[in-house]
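Welcome to a short tour of a protein chain. Take a moment with the sequence and the picture below before reading on.

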Amino acid sequence: MLDSGAGAALQPGSEASILPLHLTGVGLDIAGHRLLDGVSFELKPGPLTVILGANGAGKSLLLKICHGLLSPTRGEVNWQSTASAQIRGRQAMVFQRPVLLRRSVVANIDYVLRLQGVSKPERQQRIAASLQMTGLTHLQHRGARVLSGGEQQKLAVARAWAVRPEIVFLDEPTANIDPAATVFMESLIKRFSAAGTKVVLTSHDLGQASRLADEVLFLHQGQLLEQAPAQQFFARPENPHARAFLRGELPG
Amino acid sequence: MLDLDESLVEIILVSLRVSVTATVLAAVVGFLLGAVLAIWRFPGRGALLVLLNAMMGLPPVVVGLLVYLLLSRAGPMGSLGLLFTESAMIIAQWLLVTPLIAALTQQIVADLMLEYREQLYSLGAKRWTMLQTLLWEGRYSLLTVMLAGFGRAISEVGAVLIVGGNIAHHTRVMTTVIALETSKGNLTIALALGMILIALACMINAAAAFSKIYAARLYG
């Protein structure tokens, strides 16, 4: 199964990497509310990073700032690369509620590949590989908007996969889907990571974080309180809020 | 008295030709203008939106009068010789329908923008691509907008009467004939034409509704 996946990872050496990503003192105010404050970290290629925190901790906002959908009020976001077209083209994001186009499944993937200027034979090959990996091949000519929630989320992953990003951001990708679809989605996320793509995922689900994470960023009320390897975080969290969160005693 | 068979077909054809052409041309400009107003932010945008919304309710006779002044012999475009032709009627109806289509399109695309903006930006779409994508995503609603525009065009009498002149075998359309025949007391003919007009409008709307339902079932 991994054969189609291995080919889909970025080709090393084809272009300079855009990673690591540095955030320095990032803060975000909206309508006078301080939603993120003094967030600094580095995302290196490799480990699967889970941004963990309660609802309202600022996880999604942080992800959107990384992905360039929001500009921080304070601080800096710096990629290794300075070429903005390259930075945009080599990252992808899967939203909590993916927005799919009113077209067929195939056309939804084709759309993003056309935007990236991928040639037609290459597009067809990548679409087939993405559909196969996400198990959507039999639904390829169906309208994307008439699929079930789980299938729509798989299509969003297929669309991200087809782009062959160097880094993919997933915003609570399993928040709206059933347990079976969640298990499958987690296996897809692991394959994404195994294929060499940097995966950054937000979650408030401790089980999911412990199943997936190599590295945990713990966010609480807009502040990054802990960044640690997953094993260390779950065994010996240093921050008192993190300990409370792990015990299920931390309100959002 | 109207020679029903031949004249009637002629009148219906002129009506459809004028209103369909005006609506299609208005859609080309209106969709684009509406989408630009929904997606871009520029100085004067607010004022333009208010103006556009106000122009949705333009009285047809006033538009007819303006186009008449524009196209009359002494007017700025008098040399074109367009007054009392189908072209003049198309221009007048285009002026009536374009603000309606543009204002409604702006509303639809602005709503779509809320839903799609982040996703499209994330996929790497630039604004011009966003515009094309959103117009296509809104196609079912925009079809309804176009029908509303066609409805305004085919049903108005004031503008086409003034700039077309209701000339037999030339610029006579259903609404101007209904007005003329009613004033002459030929209520039977006026009523018959009125029913044909309503039937036509129903048929076109039904066809559009069915294609919309069919497409929506396919693509959600």
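## The fold of chain B

How many helices and strands are there in chain B? There are nine helices and zero strands, where helices are DSSP runs of H or I with at least four residues and strands are runs of E with at least two, numbered from the N terminus. Along the sequence, chain B therefore reads α-α-α-α-α-α-α-α-α.

This is a predicted model, in which local features need pLDDT of at least 70, side-chain atom pairs count only at pLDDT 80 or more, and totals for chains, interfaces and linings use all residues. Residues are numbered from 1 along each chain as its sequence is written, chains are lettered from A and ligands numbered from 1 in the order in which they are written, and side-chain values use heavy atoms, without hydrogens and water.

## Size and inside

The C-alpha trace of chain B spans about 65 × 45 × 25 Å along its principal axes. Of the 220 residues in chain B, 45% are buried; buried means under 20% relative accessible area, exposed over 50%, and partly exposed in between (1.4 Å probe, protein chains only).

Now look at contacts, meaning heavy atoms within 4.5 Å. Among those in chain B between residues at least 6 apart in sequence, 73% join residues at least 24 apart.

## A loop residue

Where does I167(B) lie? I167(B) is in the loop between α7 (158–164) and α8 (174–184) of chain B. Because its relative accessibility is 34%, I167(B) counts as partly exposed.
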